[in-house]
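Here's a walk through a two-chain model, from the fold of one partner to the contact between the two and the side-chain pairs worth a look. Have the viewer open as you read.

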Amino acid sequence: MTRACRLLMLMALGLVAPASAQTTPADATAIGRGRVVYQTWCATCHSAGEGMPGTAALRVKYKSQPAVSAVLTERTNLTAASIKFFVRNGVSVMPFFRKTEISDADLEAMALFLTRRGTP
Amino acid sequence: MAVPPGVNAKVFAQAVREFEAAVGKEWVFTSDEDVALYRDAYSVLWGEPEERLASAAVAPDRLEQVQQVVKIANAHKIPIYPVSTGRNLGYGGSAPNYSGSVVLDLKRMNRILEVNERNAWCLVEPGVSYFDLVRHIDEKGYKLWVDIPDPGWGSPIGNALDHGGGYTQPMFRNHFDSHCGMEVVLADGDVLRTGMGAMPGAKSWQEYKFGYGPWIDGMFSQSNFGVVTKMGFWLVPLPDAYLTGTVTVSKWNDLIPLVDTLNYLENSGVVNGMPGLGMPIRQGTPPDPALRGLLEAATGGDASGIDAYAARNARACWSCTVKFYGPQKAIAASWEFAKEKFAAAIPGARFEDGESYKLPLTPEQREKVHKPEFGIPSLETFSIGARSETNPTPSSGHAWFSPIIPRNGEAIFEANKVFADAARKLDLAFFGFSLPTTYWMRSFIFLFGFPVTRDAASNKKNREGFKQLVDICAQHGWGEYRTAPAYQDAVMNTYSFNNHALRRFHERVKDAVDPNGILSAGRYGIWPKHLRGTRA
């Protein structure tokens with residue numbers, strides 16, 4: 001399956017996430033780790049404010065969908081699958097990340113952090 | 001599992017088992033999915049048969065593991081390719097020059113071994129990023145800056161070894177120049193330290209570069225003679241203040257005395273921030289269409305039209321923003337002196353005060369400044385090429401074409417004429433009149449981002465244009481300072497004085513220090529003896 005096909009499939013299947021289950025203590029620990037991973041690897045491009053190329057690009061990408069925030073931590077419709085896809089495949093000028101940078105466990109934690117649905 | 005060319009599959013499988021024993025099974029990557037993460041995301045050969053791809057990757061955690069991995073590779077004649085953070089995007093990523101090499105991924109070696117605030121230096125491992133180092137310094141409250149390149153996720157070691165640059169004072173902007181002391185693992189697994197580090201118990205490894213005898217540090221930059229596992233760097237003591245001022249000049253040929261005066265001020269240490277040249281006459285959105293023809297005529301040698309346009313519209317052809325770090329009163333005086341020099345050299349020069357900050361910056365100020373000029377790492381530079389209102393269909397990256405030219409106005413004019421002629425001939429639409437940047441003392445560097453796409457035909461056209469530009473520049477005596485792996489042979493071919501005497505010397509060294517040719521075959525055009533026939 002080509003990257004484009006996989007991406008389309010994810011887009012079709014994954015943009016609306018299921019409602020979250022109750023957060024367990026283990027989840028809370030993972031979310032904390034995920035926050036650190038996000039701050040280390042993603043926040044410098046995807047935070048709110050000026051000088052954030054990722055946020056600026058998503059603002060243009062979703063300009064016809066004002067309900068979709070350009071800031072990843074404000075998104076309510078991200079799925080773990082789509083997060084993992086973009087981290088491991090990149091998009092546009094955003095490169096993909098090796099496992100010595102973001103391990104599979106760290107990626108799971110970050111996906112949990114970004115899909116936490118209201119958990120602080 | 002892919003196998004390096006010329007290596008028996010059973011031998012490679014044995015080597016992989018030995019790598020796993022050395023670093024732990026989880027840190028040896030052989031699956032297609034994992035090895036694909038070592039592709040160069042900005043590869044100009046993406047998806048083509050010639051794309052440079054790894055066969056596997058191994059990620060040691062400490063010096064002794066690096067030595068073990070190198071010894072295993074040397075024993076089995078497995079090609080390996082060290083990367084520090086693998087984020088040299090635009091000039092290469094974590095993919096090897098020689099397809100089938102095993103990437104030696106040093107990202108896990110991310111220790112900040114020492115930061116000395118009293119004498120402003122640090123000692124770090126290859127996996128430490130600029131973000132890591134600055135975060136550490138901030139957490140400790142040290143009054144130090146790190147000179148930062150545009151993307152902050154690279155490593156001080158990797159960036160310095162590739163001759164990267166930054167934005168603060170001249171003695172720090174050249175990152176290789178600002179290093180002090182190295183630790184290097186050689187192809188047989190032996191380890192050496194350079195400079196004062198060669199003395200057991202040395203007390204000044206990061207304080208005196210040269211030690212005793214030949215200074216060999218340069219041998220390990222843009223090369224493949226060893227694996228650098230530690231480097232020291234000199235850091236920037238927090239300046240008292242920062243100030244900028246801009247001079248504007250009216251006429252096209254005023255660029256010549258403008259650059260000469262700037263050079264005097266910078267070479268004598270009066271201007272000690274990174275200057276910036278500009279073209280106010282071209283400002284405005286959209287630019288006045290009448291300017292296009294006038295610029296072309298001026299580039300071709302007839303500046304009468306553009307001078308008349310500038311006079312008629314009260315616009316300046318050129319600007320130069322000079323920047324100062326230091327005691328607040330002293331840099332104010334330096335700016336006054338600079339104004340006197342520019343005014344004396346260029347009748348009609350006009351001046352405007354710019355940014356002025358007492359340091360450290362406030363949080364609000366940090367948000368609005370160009371961060372690397374204040375030692376703040378960021379990724380803002382990825383706005384280049386990213387999706388935007390004016391670029392709704394972004395590329396997949398870029399490859400920098402970056403020739404060094406002399407630091408004078410005549411060279412800027414000549415280079416632009418050459419680039420314009422070449423762009424027409426090669427149908428490279430993204431070239432317009434350009435100004436060089438001033439990372440280095442005493443030379444200019446042009447930076448042109450060749451778009452990289454996922455379309456092979458488009459990439460092929462750009463590759464051909466890139467290589468022709470390399471040759472065209474060489475015909476004028478201008479050479480690339482750094483380039484992506486796909487172009488490294490082409491660029492090395494242009495440094496050909498006396499029948500490629502420099503490359504022949506590199507090869508003699510390579511044969512002596514890495515007789516099995518296992519380290520980074522082909523990097524910067526240096527191939528081991530058994531692969532010299534594959535040179536592009």
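Along its sequence, chain A reads α-α-α-α-α-α, that is, 6 helices and 0 strands. Helices here are DSSP runs of H or I with at least four residues, strands are runs of E with at least two, and both are numbered from the N terminus. Of the 120 residues in chain A, 46% are buried; buried means under 20% relative accessible area, exposed means over 50%, and partly exposed is in between (1.4 Å probe, protein chains only). If you take the contacts in chain A between residues at least 6 apart in sequence, 63% of them join residues at least 24 apart, with contact meaning heavy atoms within 4.5 Å.

A quick word on ground rules: this is a predicted model, where local features need pLDDT of at least 70 and side-chain atom pairs count only at pLDDT 80 or more, while totals for chains, interfaces and linings use all residues. Residues are numbered from 1 along each chain as its sequence is written, chains are lettered from A and ligands numbered from 1 in the order in which they are written, and side-chain values use heavy atoms, with hydrogens and water left out.

**Where the chains meet**

How many residues does each chain bring to the contact? Chain B gives 37 residues and chain A gives 22 residues. Between them the chains bury about 2600 Å², 63% of it on carbon and sulfur atoms; buried area is the accessible area (1.4 Å probe) that two parts lose on being put together, summed over both. On the chain B side, B:Leu37, B:Arg87 and B:Arg387 lose the most area to chain A, together 26% of what that side buries.

There are 9 residue pairs in polar contact between chain B and chain A, both residues being at pLDDT 80 or more. A polar contact is a pair of N or O atoms within 3.5 Å; within protein, one must be able to donate a hydrogen and the other to accept it, and residues adjacent in sequence count only if both atoms are side-chain atoms. Helix 2 (32-35) and helix 4 (130-140) of chain B are the elements that give two or more residues to the side touching chain A. That side of chain B splits into 17 nonpolar, 9 polar and 11 charged residues, where Ala, Val, Leu, Ile, Met, Phe, Trp, Tyr, Cys and Pro count as nonpolar, Asp, Glu, Lys and Arg as charged, and the others, Gly among them, as polar.

**Salt bridges**

Side chains of opposite charge can pair when their charged atoms come close. The cut-off for a salt bridge is a side-chain nitrogen of Lys or Arg within 4 Å of a carboxyl oxygen of Asp or Glu. The structure holds 34 salt bridges over all chains, and the count between chain B and chain A is 4.

| Pair | N to O distance |
|---|---|
| A:Arg98 and B:Asp105 | 3.0 Å |
| A:Arg88 and A:Asp104 | 3.1 Å |
| B:Lys461 and B:Asp427 | 3.2 Å |

Are the partners in the pair between chains buried or exposed? B:Asp105 counts as buried because its relative accessibility is 0%, and A:Arg98 is buried as well, at 1%.

Within chain A, A:Arg88 is buried at 13%, whereas A:Asp104 is partly exposed at 40%. These two also belong to a network of salt bridges that links A:Arg88, A:Lys99, A:Asp104 and B:Asp34. In chain B, both B:Lys461 (37%) and B:Asp427 (49%) are partly exposed.

**Aromatic pairs**

Rings of Phe, Tyr and Trp (its six-membered ring) pair if their centres lie within 6.5 Å; planes under 30 degrees apart count as stacked, over 60 as edge-to-face and the rest as tilted. The count comes to 39 aromatic pairs over all chains. One of them, A:Trp41 with A:Phe97, is edge-to-face, at 5.7 Å centre to centre and 70° between the planes. A:Trp41 sits in helix 2 (residues 25-41) of chain A and A:Phe97 in the loop between helix 5 (80-89) and helix 6 (104-114), 56 residues apart. A:Trp41 is buried at 15%, and A:Phe97 is buried at 5%.

In chain B, the rings of B:Trp252 and B:Trp318 are 4.8 Å apart at their centres with planes at 45°, so the pair is tilted. Both B:Trp252 and B:Trp318 are buried. B:Trp318 is also among the contacts of B:Thr248, a buried residue at 18% in strand 12 of chain B.

Terms used: Lists of a residue's contacts leave out its neighbours within four places in sequence.
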